[in-house]
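Hello,

Here is the structure for you to look through.

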Amino acid sequence: SFLQNQTEFNYKISVIIPSLDGNRNGNLSILKNQILRQTIKPHEVITVIGIKPNGKARNEGVKKASGNYYIFIDDDVTLGSDDVFQKLIKPFLERQDVGMTGPSQLIPDNSNFFQKLSSKQIPRSLFPEQKEFVDSDMVSHMCLAIPAELFKKVGWENPDIISGTDPDLRYRVRQAGYRVGVVPECIAYH
């Protein structure tokens with residue numbers, strides 16, 4: 001396939017996961033197992049433990065990373081399929097104007113009634129699966145991909161922002177002239 005051919009040409013993914021306790025009620029080990037089952041294997045998985053805020057933690061992960069694509073994932077996320085990474089990276093390989101990608105965001109099926117009800121009331125907690133690439137503000141650190149070179153070009157994460165790192169990074173990527181979008185047929189649960 002097209003993506004497998006790219007693997008032969010210095011195609012390396014660094015997955016960076018900030019986590020306060022390195023466990024997140026057991027979800028971190030579930031997430032790492034899902035990462036290992038991806039159709040495109042990451043070059044490395046870097047878990048940054050105990051550093052706040054998340055922007056600072058992500059920067060610490062990037063300092064250790066050697067990949068040419070970064071995938072940031074929150075430690076309370078689960079991936080919707082074994083080809084999430086392949087789908088997140090594909091737009092970068094097909095187009096020159098894409099700067100950041102993310103999956104559609106759903107809540108886990110095992111969420112309780114209150115969580116399901118709340119998610120419908122909270123803006124930006126749900127974004128249904130898409131059939132084509134959609135420019136969107138729903139790309140968030142819950143799970144996103146960005147070329148390493150672009151991440152560094154736009155100034156890394158702002159380590160001082162306590163919350164709101166998503167709109168800050170999206171804004172800087174767009175200011176650099178790139179699109180930010182949700183990729184088709186790709187989901188993660190948060």
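A residue is called exposed when its relative accessible area is over 50%, buried when that area is under 20%, and partly exposed in between. Asn-25, at 78% relative accessibility, therefore counts as exposed. Please keep in mind that this is a predicted model.

Backbone

Most residues other than glycine have a negative phi, and most peptide bonds are trans. The following places depart from that pattern.

- Asn-25 is not a glycine, yet has a positive phi of about 55 degrees. The loop that holds Asn-25 runs between β1 (13-19) and α2 (27-36).
- Trp-156 also has a positive phi, near 60 degrees. Trp-156 is found in the loop between α6 (148-153) and α7 (165-175). With a relative accessibility of 26%, Trp-156 is classed as partly exposed.
- Lys-52 and Pro-53 are joined by a cis peptide bond, with omega near -15 degrees. Pro-53 sits in the loop between β2 (44-49) and α3 (54-64).

Cysteines

How many disulfides does the structure hold? There are zero. For Cys-143, the nearest cysteine sulfur belongs to Cys-186 and is 6.8 Å away. A disulfide needs the two sulfur atoms to be within 2.5 Å, so at 6.8 Å the sulfur of Cys-186 is too far from that of Cys-143 for a bond. Cys-143 is buried, at 1% relative accessibility. Cys-186 is buried too, with a value of 0%.

Regards

Conventions:
Residues numbered from 1 in each chain as written. Predicted model: local features only at pLDDT ≥ 70, side-chain atom pairs only at ≥ 80, totals over all residues. Heavy atoms only, no water. Helix = DSSP H or I, 4+ residues; strand = E, 2+ residues; numbered from the N terminus. Buried < 20%, exposed > 50% of the residue type's maximum accessible area, 1.4 Å probe, protein only.
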